[in-house]
Amino acid sequence: MTDLASEIKSVIDKDIAQESVILRFTERLSEGILTRDENPKTHFCAYFLPYNKEVGKVFIIHHKKSGLWLSPGGHIDKEEDLMTTLNREIDEELGIKNKIAEKIKPFLLTITPIDNSMQPCKEHLDVWYRIPMSEKEITANLREFHDSRWVTLREARNLITDPATLEALEKMESILV
């Protein structure tokens, strides 16, 4: 397993992140203690946007804790690398085991401020992946979600208010439209 800090540093790229995001990622990496287990307030996360190019849709979830429509994903656990986190989250949230067989590159880096007094999280540093899937593959975990659905980009934009997820959707246009 690769050192998480080195792995995240290797994916930082001006083509997938704004300069302010690159600066914060770099600063946060220098602080160490990168996972929620180590630092409950500010930590790295891996999000993935399932998509089906043939039908021009993405899969989104209505998350119970946040109350928001989002893309699936979550916190990186201690001792995990990015692909391990992706596979764990895909299994936990969508019921698909070992979906990612080899290392893939992220398409976006974002920062999500968390303004919820009930949660210890105050900042997520998000590494985003696009994952092609078919509608038949997914068995959504309704313990974590109020709802889930395949939607067009337009429908997704009407449901989603989270800026990071909206930015991810914008980057999906080149693939789905």
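Is Asp91 buried, exposed or partly exposed, and what is its relative accessible area? Asp91 is partly exposed, at 28%, where buried means under 20% relative accessible area, exposed over 50%, and partly exposed in between (1.4 Å probe, protein chains only). The model is predicted: local features need pLDDT of at least 70 and side-chain atom pairs count only at pLDDT 80 or more, whereas totals for chains, interfaces and linings use all residues. Residues are numbered from 1 along each chain as its sequence is written, and side-chain values use heavy atoms, with hydrogens and water left out.

**View 1. The salt bridge of Lys97 and Asp91.** The closest N and O atoms of this pair are 3.1 Å apart; a salt bridge is a side-chain nitrogen of Lys or Arg within 4 Å of a carboxyl oxygen of Asp or Glu. Lys97 is exposed, with a relative accessible area of 60%.

**View 2. The salt bridge of Arg88 and Glu92.** The closest N and O atoms lie 3.4 Å apart. Because the two residues are four apart in helix 3, about one helical turn separates Arg88 from Glu92; helices (H or I, at least four residues) and strands (E, at least two) are DSSP runs, numbered from the N terminus. Arg88 counts as buried at 18% relative accessibility, while Glu92 is partly exposed at 36%.

**View 3. The salt bridge of Arg157 and Glu173.** The N to O distance is 2.4 Å. Arg157 belongs to helix 4 (residues 153-159) and Glu173 to helix 5 (residues 163-176), so the pair ties together parts that are 16 residues apart in sequence. Arg157 is partly exposed, with a relative accessible area of 33%, and Glu173 is partly exposed, also with 33%. Elsewhere, salt bridges that share partners join Arg24, Glu27, Arg28, Glu31 and Glu123 into one network.

**View 4. Helix 1 (residues 4-11) and its buried residues.** Leu4, Glu7, Ile8 and Val11 are buried. They lie on the same side of helix 1 because they cover an arc of only 95° around the axis, the arc being that of the directions from the helix axis to the C-beta atoms. Lys9 and Ser10, on the other side, are exposed.

**View 5. The largest nonpolar core, with 34 residues.** A nonpolar core is a set of buried Ala, Val, Leu, Ile, Met, Phe, Trp, Tyr and Cys residues joined through side-chain atoms within 4.5 Å. Among the members that touch the most others are Phe25, Phe44 and Tyr129. Helix 3 gives the most to this core, with five residues.
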